[in-house]
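Here are some notes to read alongside the model, written for someone new to looking at protein structures. Please keep the sequence at hand while going through the points.

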Amino acid sequence: GQLGLVGDRQRAMPEVITTFPAGSHKVAMLACGGCHTLATTTSDELFAFGGNQYGQLGISNRRGSNAPQRVESLCGKTLTCI
């Protein structure tokens, strides 16, 4: 979940997050929680993925996601830190 990859198995080596369409987003910052991850892009978009039982992804539901979900509530905002 929090790796942004298909499936929930652990990985020993870094992998490309293929759930971001190739070349469509350039990650500027990354922050990892115990069960979720946040990523900002160079175009000031925020994406969240992983566990969401407490609403930590900031999306409109409490379902976790293996794929990055755009946090719509922060669209158009300048992101300086996550």
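1. Which residue takes a positive phi near 60° in the hairpin of β2 and β3? In that hairpin, which has 4 residues between the strands, the residue is Asp 44. Strands here are DSSP runs (E, at least two residues), numbered from the N terminus.

2. This is a predicted model, in which local features need pLDDT of at least 70, side-chain atom pairs count only at pLDDT 80 or more, and totals for chains, interfaces and linings use all residues. Residues are numbered from 1 along each chain as its sequence is written, and side-chain values use heavy atoms, with hydrogens and water left out.

3. Strands β2 and β3 run antiparallel and are joined by 5 bridges, two strands being paired if DSSP finds at least two bridges between them; Thr 37, for instance, has Phe 49 in β3 as its bridge partner. On to β4: 3 bridges join β3 to this strand, again antiparallel, and Ala 48 stands opposite Gln 69 in β4.

4. Strand β3 (residues 46-50) is largely enclosed by the rest of the structure, because 5 of its 5 residues are buried, where buried means under 20% relative accessible area, exposed over 50%, and partly exposed in between (1.4 Å probe, protein chains only). Leu 46, Ala 48 and Gly 50 are buried on one side, and Phe 47 and Phe 49 on the other.
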